[in-house]
Amino acid sequence: MSDKKISDSSESIKVKKLKKNADLLKGKKSSRTPDLSKRKKTREWLEKHPKVYDLTKELLGFLEQYREPSFPYGWYNNLVFKYGRDSVGPRLSIKCNKNDCTVTITLPKGNELLEELGFSSSSKKPDQSKLKLKFEVESKNKASYEHLIKVLSTYLITPLSAGQHIDADAIPEATIDKAIDEIADFKGLNETEKDALVKVRIGQGSYRDALDDIWKGCALTGIKCRDLLRASHIKAWRDAEAHERLDPYNGLLLAAHLDALFDKGLISFDSNGFILISDSISESDLNKLSIDKTMQLQMPKETHEYMKYHREKYGFEC
């Protein structure tokens, strides 16, 4: 058989087509855009499946709270939205079908947290670990969002670093208001989860550094270990004006168990800084928590009005 006949065989034609398609895809593979209008087929498919489209917008709106702007992100081929570089380093992708969207997080192996977070080794690339979370159409997807928040709050996902590299002082108040309003309106989270998300955002960066300077550790016990402390607003974010949300004197550093009590209004502080304790906490529990009524914090004068608001909100007569 001549070379010409071989080249004209159906098998060789098929191979040529595959190679041609592969060559065409090479130029498109890393191309992405946040502008859906530039992905005509993707947009048309989503418009034909409005429930999937709603879920996609919900996911993207949620992840926008965390996005690190310096990394590439946007619509990819075949109903895929990607954050991070292609096949290199930490990255996250969202892929949708008619019933659900799957969020896939890919991280380099070697961090001991990964197994605890539910990651498993990639069969194709053993140096990587992957986690897949499914979000179903017309569902609140509570468990999947909880899992996603848990992973994002570790800062392991560089393209979605929970604002780790963003200077809160440089963000316009209107932008911050918009972000928290989106959290407040987000239907996939309950109030406790929304508060947890706000805590993630204030528990790092320049705001947290300012609290460290004011309180020098736990305001009540003096504990210095940063990992044991929690940053909170005294006048809750959802109740505060824009300027109050950024005011470090509206912030408090407390050991985790004290922060939980303060957050729920089970403890507060009088104008002299002495602890006020709810009658709903038994003496037995107070002893176990090593809390007594003689405990006192040194409150800056700028904090007094915020603490007064907290007392009044939770019914402490003082």
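Of the 318 residues in the chain, 42% count as buried, where buried denotes a relative accessible area under 20%, exposed over 50%, and partly exposed in between (1.4 Å probe, protein chains only). The structure is a predicted model, in which local features need pLDDT of at least 70 and side-chain atom pairs count only at pLDDT 80 or more, while totals for chains, interfaces and linings use all residues. Residues are numbered from 1 along each chain as its sequence is written, and side-chain values use heavy atoms, with hydrogens and water left out.

The chain contains 13 helices and 10 strands; these are DSSP runs numbered from the N terminus, with helices (H or I) of at least four residues and strands (E) of at least two. Contacts (heavy atoms within 4.5 Å) between residues at least 6 apart in sequence join residues at least 24 apart in 60% of cases.

A search of the whole structure finds 1 disulfide, defined as a pair of cysteine sulfur atoms within 2.5 Å. The bond joins Cys-96 to Cys-101, with an S to S distance of 2.1 Å. The torsion about the S-S bond of Cys-96 and Cys-101 is about 105 degrees, and the disulfide is therefore right-handed. Cys-96 is buried at 11% relative accessible area, and Cys-101 is buried at 0%.

Two further cysteines were examined for accessibility. Cys-218 counts as buried, at 3% relative accessibility, whereas Cys-225 is partly exposed, with a relative accessible area of 39%.
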